[in-house]
Amino acid sequence: MKLQRELVFGLSLVLLLISGSTSASAQSDPTGESSPTRTYAITNATIVQSPGEVIEGGSIVFKNGMILGVGTNVSIPGDAQVIDGTDLFVYPGFIDGMSYTGAKRPEQMERPDNLFTPNPPNDYAGITPERTVIEQIEVGDNSISNLRKVGFTVSHSVPYGRMLPGSGSILLLSDADHADQMILMSNVSMYTQFSGAPGAYPGNTLGIMAKWRNLYINARNQNQYAQVYSKNPTGLERPTQDRVLQAFYPVVEKEKPVFYNANSLLEAQRALRLMNELDFELVLGNLEDGWHMVDLLKESNAKVFMSLDLPDEPKDSDDEDKTDEVAELEKLRMESYKNHLAQFGLFDSLGITFGFSTIDASASKIKSNLTMIVEAGLSEDAALAALTTNAAKLLGIETITGSLESGKIANAVISTGPYFEKDSNVKMVFVDGHKYDFEIKEKGAGGSVDAASESTLLGSWSYVSTSPQGELTGKMIFEKEGDEITGLMTSDGGNPDQALSNISFVNGTLSFDYSFDGGGQSIEIVIVGDITGTDFDGEASVAQFNISFPITATKDAPNNN
Amino acid sequence: MKRKILSIFILLVAFGITTATAQTGDVLIKNGTVITITDGTLENTDVLVRDGKISRIGKNLNAPRGVEEIDATGKFVMPGIIDAHSHIAGTSINEGTSQVTAEVSMEDVVDPMDVSIYRALAGGVTSIHLMHGSANVIGGQNETLKLRYGSTNPDDLRFEGAPRTIKFALGENPTRGGRARGIQPQSRMGVEAMIRNSLNDALMYKKAWDEYRSQRNDRKTPPEYDLRMETLVDILEGEILVHCHSYRADEIYMLMKVFNDFGIEKLTFQHANEAYKVAPELAEFGAYASIFSDWWAYKLEVYYSTAYNAAILTKNGVNTSINSDSGELIRHLYHEAAKSQKYGQLSDNDALALITINPAIQLGIDDRVGSIEEGKDADLAIYEGHPLSVYTVPLMTFVDGVKYFDRATDAKDQRLYIDPESNIQDIQILDAHDHHLCMKDAEVMDFNSLFNNK
């Protein structure tokens with residue numbers, strides 16, 4: 001974990017350098033090492049061309065953003081920057097099936113008056129399928145570099161919004177000056193989710209399901225009429241020019257799939273219900289618990305991208321006086337957790353093709369989550385297929401990317417060991433032939449807090465945080481138990497204490513996270529900031545909602561008793 | 001290949017995965033006191049169930065080979081209880097964001113994993129009417145379910161072939177929203193006007209589509225399709241039974257007048273605490289009432305109530321049922337029926353009809369359930385002691401001949417899905433406030449909106 005935190009830190013430095021030194025071309029190289037033709041050769045590496053296809057001691061050459069050659073007998077062009085691949089593993093660049101990567105959540109619109117109507121304004125109701133994610137892309141957004149750092153080179157990005165936020169596009173996760181430069185394929189999907197408008201119709205799943213049917217059937221009718229009109233318009237009423245319905249036309253024509261953010265078993269079954277009724281191409285994205293519905297998935301042939309956000313491992317109470325009933329409940333909870341992890345292997349054994357979606361996953365956890373999935377029974381080949389070949393097929397881009405073959409896009413991940421092993425690190429990622437290096441620090445001893453600065457951290461801190469819910473106050477308490485630093489977040493508002501995870505304090509930067517139950521879903525809060533003397537100045541962020549807010553703290557004077 | 005199939009099978013078993021088709025069972029229940037509801041009470045009688053249906057009722061029946069035999073000597077066998085007003089097994093209850101949302105349907109939000117289903121089974125309940133809430137004037141369509149607990153697929157719980165029903169709401173609940181927002185309806189008059197306007201809109205809608213269809217010309221632009229209007233048209237055409245949240249006699253009478261004007265015949269008043277005041281009028285209209293036994297005074301419009309309501313309605317010839325509207329009451333609806341007997345001196349059979357055949361009639365499923373008759377679905381409950389006795393104990397509950405509850409083999413934890421991130425304490429502590437859900441979701445607030453600018 002320490003390593004990953006440091007990678008974040010290291011990478012942000014790298015990005016700072018890149019973005020700070022260039023404006024005209026994001027990929028210009030002040031060191032002069034890389035060639036203008038983006039020609040690179042990695043030699044003597046273990047190259048996993050595609051799941052199960054491994055070349056030992058092979059070489060791969062990238063030029064002008066494409067794979068020029070791969071194998072044991074590849075000629076290296078004279079202008080290539082040669083990278084010694086001894087002890088390195090080269091994989092096809094990973095593909096994310098559904099996420100907000102690169103997108104910035106738009107400002108919430110003002111709440112209009114008269115919301116209590118059957119037809120509130122479409123933009124407030126979240127019915128904006130005519131929009132596209134490209135309008136929301138911010139080049140250089142952290143989400144791009146964070147995902148790239150764990151090996152992703154392509155993302156099917158979808159826009160933020162409510163019920164029907166807009167269309168998704170397939171993006172190359174490169175540093176670009178303009179969003180257009182990142183586009184691999186634009187407007188490939190219609191993104192939708194069970195997300196009601198606060199205080200307006202459709203407010204929840206009830207209204208969303210009904211509204212979906214209503215929109216679709218109207219679109220089908222209007223599309224039919226528009227075709228009649230276009231053949232011979234004379235004497236006919238003009239068809240309606242409704243951008244919302246027009247956005248549905250390619251879906252009705254089965255030219256564009258619907259990507260449903262169906263997080264749970266029930267949501268996935270509801271999405272399938274709409275598909276069966278209305279007959280469109282469905283891709284289930286972000287599915288977390290699918291093991292109860294394997295038969296339905298097989299029957300429906302719906303495509304699936306599984307969530308890479310895994311539940312936290314349940315912690316049994318260490319209360320020695322706990323009742324047998326509590327112990328039994330803990331056991332069942334643990335079984336459920338294990339089913340979560342094992343479902344990927346189950347899917348694979350049943351022949352259900354799936355990819356991964358990172359939409360709810362925190363990038364820093366993705367690699368360790370993948371390792372856990374593999375440990376729970378998914379073969380490494382199958383895990384790699386979900387990240388590469390299968391994802392490419394599900395997105396319809398398998399002819400241009402997803403494997404390391406001549407003529408495909410130069411997208412690759414280079415790790416210091418087999419990717420799914422705990423101790424390996426991503427050393428380099430190529431996106432469209434652009435090289436991204438990651439600094440890898442050796443693991444130090446004594447956890448992720450510098451021994452020298454321990455005393456600065458340990459103790460009790462009083463914090464103040466200005467969250468959108470108002471001002472929150474309480475204590476952050478850091479203690480040392482054995483070799484380990486543990487932490488606790490208390491709340492003056494009466495919320496239960498939260499145990500902190502991933503505590504890191506290096507070079508004055510403190511970071512940690514914790515999660516809590518926000519009405520049925522686990523909300524993870526990440527806090528990062530700097531300690532100067534006895535003052536902490538940081539930021540708390542909630543990835544799920546793409547928001548962050550300030551948090552400051554002052555160290556309490558040592559307790560005299 | 002064989003080996004692969006085997007290993008898949010093992011995996012499926014390990015994950016507790018079963019096929020998603022509704023099961024039917026065979027069973028012979030021997031020598032019980034069989035309360036048929038429609039044909040008297042039969043002592044020392046056997047009930048043979050084949051393939052989910054009651055195939056024979058009689059004495060000294062023999063179990064066909066392989067059919068399980070259950071000794072019910074000294075025990076009571078009655079039709080499974082039907083709850084005509086429930087909000088368990090639904091993930092949302094109100095789409096309360098607008099006053100007429102006829103297009104929404106509870107069939108979309110069925111939660112087969114709600115452990116309340118098992119609790120209801122443990123009280124002898126076999127079918128529920130999962131209703132939309134009462135936040136708006138014309139709420140949403142309801143869903144009639146069979147409590148086939150164990151499947152994670154909502155489709156497995158649907159009462160196949162049950163008529164469609166819809167929720168209307170009168171009085172304080174829908175006007176509360178109107179007054180808070182300064183829009184119609186703010187009074188009972190406004191509620192009536194909204195219902196009339198909506199039904200008139202539906203007639204206009206139907207006319208537009210009838211005209212378009214009669215022309216059979218695809219060179220005409222079709223009218224806008226409106227699922228809300230489609231649903232209202234179906235009400236006018238008698239395809240959807242109306243179940244209306246109501247309390248006061250005046251509003252009950254008002255809706256009968258409205259429905260007379262529009263020719264809508266199938267009407268059940270839910271709650272209907274003052275229905276006894278208009279019992280002859282209800283009987284004349286042919287409207288039904290689904291009420292509480294003795295629950296009132298939780299708001300102003302529910303003060304003028306009586307525990308004699310069920311008896312007065314029954315004796316005036318109004319088909320009446322007793323419902324729960326609660327995840328807790330649903331576990332002892334037989335006690336609720338017994339209260340009506342205590343106050344109104346209903347016969348055993350009339351009292352038990354309140355929770356069996358009467359709600360079945362109100363839901364339009366009385367050809368399938370609600371009594372023990374040959375050919376009907378084997379939805380049955382077995383009790384130790386007479387079900388109207390306060391000492392009665394539910395022992396077993398069957399749906400389609402499949403045993404879903406057995407007190408003898410009742411496991412401690414009946415949840416079908418366990419959230420790995422759940423807090424053990426939350427599971428153990430039962431929050432009584434969760435049990436009354438009529439206005440659930442009416443105030444729209446989710447985590448996301450906490451972080452919004454308003």
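This briefing describes the fold of two chains and the contact between them in a predicted model. Chain A holds 12 helices and 25 strands, and chain B has 13 helices and 16 strands. An open sheet of 8 strands in chain A, a pair of packed helices in chain B and the contact of the two chains are treated in turn below.

**Overall form of chain A**

- Chain A has a radius of gyration of 25 Å, which agrees with the value near 24 Å that a compact globule of 561 residues would have.
- The C-alpha trace of chain A spans about 90 × 65 × 50 Å along its principal axes.
- Of the 561 residues in chain A, 47% are buried.
- Contacts between residues at least 24 apart in sequence make up 64% of the contacts in chain A between residues at least 6 apart.

**The open sheet of chain A**

- The sheet has 8 strands in the order 6-7-8-9-10-11-12-13, and its pairing is mixed.
- Its edges are formed by strand 6 (94-99) and strand 13 (354-357) of chain A, each of which pairs on one side only.
- From one strand to the next, the twist averages 30°.
- In general, the strands of a sheet pair through backbone hydrogen bonds, either parallel or antiparallel.

- Strand 8 (residues 166-172) of chain A is largely enclosed by the rest of the structure, because 7 of its 7 residues are buried.
- On one pairing, strand 8 of chain A is joined to strand 7 (residues 152-157) of chain A by 4 bridges in the antiparallel sense.
- On another, strand 8 of chain A pairs with strand 9 (residues 183-193) of chain A, also in the antiparallel sense, over 5 bridges.
- A:Leu171 takes part in both pairings: A:Leu171 is the bridge partner of A:Ser155, and A:Ile183 in strand 9 of chain A is the bridge partner of A:Leu171.

- Strand 10 (residues 258-261) and strand 11 (residues 282-287) of chain A run parallel and are joined by 4 bridges.
- Within this pair of strands, A:Val258 stands opposite A:Leu282 of strand 11 of chain A.
- Helix 6 (residues 265-278) of chain A lies across strand 10 and strand 11 of chain A, and runs at about 170° to strand 11 of chain A.

**The surroundings of A:Thr43**

- A:Thr43 belongs to strand 1 (residues 40-50) of chain A.
- A:Thr43 counts as partly exposed, because it has 18 C-beta neighbours inside 10 Å.
- Beyond its neighbours within four places in sequence, A:Thr43 is in contact with A:Ser59, A:Val82, A:Asp84 and A:Gly85.
- A:Thr43 and A:Ile83 are 40 residues apart along the chain, yet their C-alpha atoms are separated by 6.3 Å.

- Among the 454 residues of chain B, 49% count as buried.
- Of the contacts in chain B with a separation of 6 or more, 71% are between residues 24 or more positions apart.
- Helix 4 (residues 188-215) and helix 5 (residues 227-236) of chain B pack at an angle of about 100°, and their axes are 9 Å apart.
- These two helices of chain B are therefore roughly perpendicular to each other.
- Helix 4 of chain B contributes B:Ser198, B:Leu199, B:Asp201, B:Ala202, B:Leu203, B:Tyr205 and B:Lys206 to the contact, while helix 5 of chain B contributes B:Met229, B:Leu232, B:Val233 and B:Leu236.
- By class, the residues of this contact between helix 4 and helix 5 of chain B are 8 nonpolar, 1 polar and 2 charged.
- The buried residues of helix 5 of chain B are B:Arg228, B:Met229, B:Thr231, B:Leu232, B:Val233 and B:Ile235.
- These buried residues pack against helix 4, strand 8 (138-146), strand 9 (164-169) and strand 10 (240-246) of chain B.
- Just after helix 5 of chain B, B:Gly238 adopts a positive phi of about 80°.

**The contact between chain A and chain B**

- The contact involves 63 residues from chain A and 52 residues from chain B.
- On the side of chain B that touches chain A, helix 1 (2-14), helix 12 (424-428) and helix 13 (447-450) of chain B each supply at least two residues.
- Helix 13 of chain B gives the most to that side, with 4 residues.
- The side of chain B that touches chain A comprises 21 nonpolar, 17 polar and 14 charged residues.

Notes
Residues numbered from 1 in each chain as written. Chains lettered and ligands numbered in written order. Predicted model: local features only at pLDDT ≥ 70, side-chain atom pairs only at ≥ 80, totals over all residues. Pairing = 2+ DSSP bridges. Axes fitted to C-alpha atoms, helices over the stretch in contact; angles between N-to-C directions. Contact = placed C-beta atoms within 7 Å. Rg over C-alpha atoms; globule rule 2.2 N^0.38 Å. Buried ≥ 20, exposed ≤ 12 C-beta atoms within 10 Å, placed from the backbone. Nonpolar A, V, L, I, M, F, W, Y, C, P; charged D, E, K, R; others polar. Parallel < 35°, antiparallel > 145°, perpendicular 65-115°, else oblique.
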